[in-house]
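Welcome! Keep the 3D view open as you read.

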Amino acid sequence: MALAADPALNAAHAFATPGTLAALEPFPGGHIHAAHLVTYRRGGTTRFLLQQLNTRVFPHPEQVMGNIERVTAHLAKAMAKARVRDLDRRNLSLVPTRQGATWFQDADGRVWRLYHFIEGAVARAAPRDVEDAAAAAQAFGGFQRLLADFPDPALHATIPDFHFTPGRLKALEEAVDTDALGRCDAARTEIEKVFATHGLAHALIDAHLPTRVTHNDAKISNLLFDAQSGAGLCVVDLDTVMPGLAVYDFGDLVRSMATRAAEDERDLSQVKLDPGLVKAIAWGYLKEAGAFLSSVERALLITAARVIVLEQAARFLADHLQGDLYYRISRPGQNLDRARTQIRLLEELDAHAASLEREVAKL
């Protein structure tokens, strides 16, 4: 049991939870927010996930929580209408504070929220096989489909220009010009490779695709799987759900699952595109999203994957040059290694683009 002075324990008491607090322990796995697993007892036990929002990344928590409240309510209604089974485990559910709000701010300005914990679920850092990749893509495609009729007003842009790829390249250019830590010389090859593909950055913008409600961080680690069946269960990490292009999510799925190499792989010979995984991702995604996507959106799916990989390479590289301020590192140079794997993956995607587009067109 945590001490009474523990901010997390004090925050837990702010929410309208049943019974008596029995345990509070750190919950691993989050990269942005600090999390705790909270157990209450009243007859049996009920568990919740308490998160402290990172207000440096999300400086307007009221917008984040407003979006999440609206999105989860819409999903719950849509799933109930479709008679989705096991509804309580298929959608995140916020616990209100004792005053009825969806989030709590303590006396020191820390921001907290509480979710019902989804039991019997597991997260995966990477797909074990093509079935996992297809299941993840299907879950995110279904997420977009259920939100396709989301009503006005539009959601807040919780991170403005999040997937504005030219802006990400501009940020990299500024990091290079500043070179605050003198890291540019050692990363000169990577910098030149990213800027050599700058024309790709406008490919989606110039297509004038429709704005939709999208997750914007679609990757397998943001999906819970049913521990018994292995099926995709619940899309999580909704902080970046906001207006965007549907193909952003497809691009992120390919970026995060299309190679079996680690995201920070040092041996770039291991960073090889697996066309079978890409095909599985496309099949799963289009199984759900194909009903509402336009023909232009479908035609740009592989291009979107290339754009998102380029964008992520620029983000990792800029963060490395600026001193690893955004992405946590466990060793020096890790963000540079991450950038290198993205650059290599982009080269692989470029080499296979024509054949991948043909395969996707058949689906």
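The points below go through strands, cores and a pair of helices. Please remember that this is a predicted model.

- Five strands form an open sheet in the order 1-2-3-5-4, and their pairing is antiparallel.
- Strand 1 (20–26) and strand 4 (104–105) are at the edges; each has a single partner strand, so one side of each has no neighbour in the sheet.
- Strand 4 pairs with strand 5 (residues 111–116) through two bridges, in the antiparallel sense.
- To find this pairing on your screen, look for Phe104, which stands opposite Trp112 in strand 5.

- Strand 6 (residues 121–123) runs antiparallel to strand 8 and is joined to it by three bridges. Here Ala123 stands opposite Leu224.
- Strand 9 (residues 232–235) also pairs with strand 8 in the antiparallel sense, over three bridges. In this pairing Phe225 stands opposite Gly232.
- Strands 8 and 9 make a hairpin with five residues between the strands, where Gly230 takes a positive phi near 80°.

**The nonpolar cores**

- In soluble globular proteins, nonpolar side chains tend to be buried together.
- The largest nonpolar core of this model has 103 residues, and Val194 and Tyr285 have the most contacts inside it.
- Which helix gives the most to this core? That is helix 9 (residues 301–322), with 14 residues.
- A second, separate core has 15 residues, among them Ala8, Leu24 and Val95.
- Which residues does Val194 touch, leaving aside its neighbours within four places in sequence? Val194 is in contact with Leu169, Leu172, Leu310, Ala313, Ala314, Leu317 and Ile343.

**Helix 4 against helix 5**

- Two packed helices are described by the angle between their axes and the distance between the axes.
- For helix 4 (residues 165–178) and helix 5 (residues 188–196), the axes come within 11 Å and cross at roughly 150°. Angles over 145 degrees count as roughly antiparallel, so helix 4 is roughly antiparallel to helix 5.
- The crossing of these two helices is left-handed.
- On the helix 4 side, the contact is made by Leu169, Leu172, Glu173 and Val176. Helix 5 brings Arg188, Ile191, Val194 and Phe195.

Technical notes: Residues numbered from 1 in each chain as written. Predicted model: local features only at pLDDT ≥ 70, side-chain atom pairs only at ≥ 80, totals over all residues. Heavy atoms only, no water. Pairing = 2+ DSSP bridges. Helix = DSSP H or I, 4+ residues; strand = E, 2+ residues; numbered from the N terminus. Core = buried A, V, L, I, M, F, W, Y, C linked by side-chain atoms within 4.5 Å. Buried < 20%, exposed > 50% of the residue type's maximum accessible area, 1.4 Å probe, protein only. Contact = heavy atoms within 4.5 Å. Axes fitted to C-alpha atoms, helices over the stretch in contact; angles between N-to-C directions. Parallel < 35°, antiparallel > 145°, perpendicular 65-115°, else oblique. Left-handed = near helix turned anticlockwise from the far one by under 90°.
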